[in-house]
Amino acid sequence: MSKKMWGGRFAAGTDHLVEAFTASIQVDRRLYAEDIRGSMAHARMLGRVGVLTEAEVEAIVTGLAQVRQEIVEDRLPFVDALEDIHMHVESRLTEIIGDVGKKLHTGRSRNDQVATDLRLYTRGCLDDLVRELQHLQHVFIDLAEREVETILPGLTHMQVAQPISFGHHCMAYVEMFHRDTQRLLDARRRVNVLPLGAAALAGTTFPIDRWDVARQLGFEAVAENSLDAVSDRDFVMEALSDLAILAVHLSRLSEELILWMSAPFGFIDLPDGFCTGSSIMPQKKNPDVAEIIRGKSGRVIGDLVAILVLMKGQPLAYNRDNQEDKETLFDALDQMRASVEIMGRMLPGLQTRPDVMRAQAERGFATATDLADYLVRKGLPFRDAHAVVGRAVRLAQERNIGLEALPLADLQALSPLIDREVYAVLVLEGSLAARDHLGGTAPRQVQAAIQRARERLQRE
Ligand code: ARG
């Protein structure tokens with residue numbers, strides 16, 4: 001007979017290759033705390049409904065605490081022969097407390113057990129990530145406040161478009177990270193549902209109290225359907241979707257930091273402690289942290305695709321394919337947590353180069369739209385104003401000067417509506433200040449947005 005816990009019906013032992021191939025212990029060992037917590041709650045419930053005696057529950061709970069201690073102290077060897085974390089915990093428990101340990105699995109299957117563990121673990125990781133994301137929002141809000149008055153050439157199509165407040169640009173990321181936070185918190189609600197009690201797929205013949213277990217483990221709801229509870233992984237897909245969106249936001253941010261720090265831009269400098277050098281080129285200071293974060297997005301998007309494809313062909317209920325759900329989820333959770341954390345540490349040390357950014361804004365005719373708006377206020381239809389300013393830009397370009405350097409006579413030759421006051425609208429600061437409405441880049445609006453974002457974070 002096979003020596004496995006499930007070996008009764010097997011005449012022969014498991015092939016060693018199969019043992020190694022089917023084992024998941026090296027991946028799911030990190031679920032040990034959740035597994036033990038879930039088992040304790042299950043045992044206590046079995047005691048309350050009369051399936052286990054009080055003494056049995058006591059022995060199981062004390063034994064489980066000892067197993068946990070051994071794992072924490074790295075004293076429990078993990079071996080492929082015991083497949084996964086659930087088998088390791090149960091077998092060690094039985095070694096410690098004897099036959100009573102074998103009663104723990106009453107009314108339970110590894111199928112509902114693993115789903116419970118994974119939900120508990122994911123919930124904890126989402127909470128940690130949400131805290132890191134809130135910290136990152138704080139960092140960005142502080143940076144925005146420091147740089148409210150700093151002028152950055154805003155780009156569309158990677159061409160200079162209009163001048164904006166550097167703080168306004170920072171606040172764009174605060175909005176993205178706020179939505180990421182909200183998405184994760186929303187996903188958490190659907191993660192936080194108890195599968196335990198579904199057993200293998202159909203429920204159990206024992207008089208279990210699922211709400212008792214849910215309350216002990218902090219689950220807000222109990223899964224309604226036993227088949228769904230053990231077989232679906234949409235909570236993994238949803239968490240990974242949200243993580244992939246977050247990864248894309250971080251990647252876009254990284255891309256901007258990398259560009260801005262390059263010599264042709266020269267808009268910012270990142271702190272030495274967050275950059276690395278080259279083994280051959282002595283002058284180099286590379287934004288490797290940002291590059292790696294940009295690279296992580298490829299990984300996390302891959303993790304999402306992997307779980308979607310993993311699930312799409314599976315009939316109900318549990319299939320062993322599901323064992324492959326963890327590596328991708330763990331990877332994405334790890335990578336995003338580390339990325340958000342390091343971004344939050346790096347950004348306070350970001351230094352802006354306001355004069356470089358100003359010069360680029362001026363060279364790119366960033367106030368051309370302001371000139372068109374000025375002509376509209378003088379009564380010219382916008383399309384005509386657009387054409388007049390287009391000619392002004394061509395003139396300035398031919399002379400290699402900014403719009404603000406064109407003599408009044410030349411401007412008036414293009415449109416008699418132009419007078420001396422035109423130069424006020426051609427100034428970068430004036431352009432910013434004029435966009436003075438909710439969501440606009442006027443420094444006082446950015447300051448108000450900062451205030452609102454701080455209040456929103458308080459409530460989050
Ligand atoms: N290691 C398995 C997993 O991660 C646990 C469930 C195994 N269930 C089974 N019937 N073989 O999915």
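Predicted model: local features only at pLDDT ≥ 70, side-chain atom pairs only at ≥ 80, totals over all residues.
Helix axes here are lines fitted to C-alpha atoms over the stretch in contact, and the angle between two of them runs from 0 to 180 degrees between N-to-C directions.

**Stop 1: H6 and H7.** Select residues 110–146, helix H6, together with residues 166–191, helix H7. The two pack at an angle of about 165°, and their axes are 9 Å apart. Angles over 145 degrees count as roughly antiparallel, so H6 and H7 are roughly antiparallel to each other. In passing H7, H6 makes a left-handed crossing. Colour the contact of H6 with H7 by residue class: 18 residues are nonpolar, six are polar and five are charged.

**Stop 2: the ligand.** Which residues surround the ligand? Show Ser24, Asp28 and Asp84, then Arg110, Asn111 and Val114, and lastly Arg320, Asn322 and Gln323. Helix H6 gives the most to this shell, with three residues. By class, the shell has four charged residues, four polar ones and one nonpolar one. Now colour by domain: domain 1 (16–106) and domain 2 (111–146 + 157–353) each supply at least three residues to the shell.

**Stop 3: the domains.** Zoom out to the whole chain. Besides domain 1 (16–106) and domain 2 (111–146 + 157–353), the protein has domain 3, residues 359–459. How far apart are the C-alpha centres of domain 2 and domain 3? They lie 39 Å apart. Select the contact between these two domains: 17 residues come from domain 2 and 18 residues from domain 3. On the domain 2 side, the elements giving two or more residues are H6, H7 and strand S2 (159–165). That side of domain 2 divides into eight nonpolar residues, eight polar and one charged.

**Stop 4: H10 and H12.** Finish with another helix pair, H10 (residues 234–261) and H12 (residues 325–346). Their axes are 10 Å apart and the packing angle is about 35°. H10 passes H12 in a left-handed crossing. To see the contact, show side chains on both helices. From H10, select Val236, Ala239, Leu240, Leu243, Leu246, Ala247 and Leu250. From H12, select Asp325, Thr328, Leu329, Ala332, Leu333, Met336, Ser339 and Met343. By class, the contact of H10 with H12 has 12 nonpolar residues, two polar and one charged.

Technical notes. Residues numbered from 1 in each chain as written. Near = placed C-beta within 6 Å. Helix = DSSP H or I, 4+ residues; strand = E, 2+ residues; numbered from the N terminus. Nonpolar A, V, L, I, M, F, W, Y, C, P; charged D, E, K, R; others polar. Domains from an automatic or database assignment. Parallel < 35°, antiparallel > 145°, perpendicular 65-115°, else oblique. Left-handed = near helix turned anticlockwise from the far one by under 90°. Contact = placed C-beta atoms within 7 Å.
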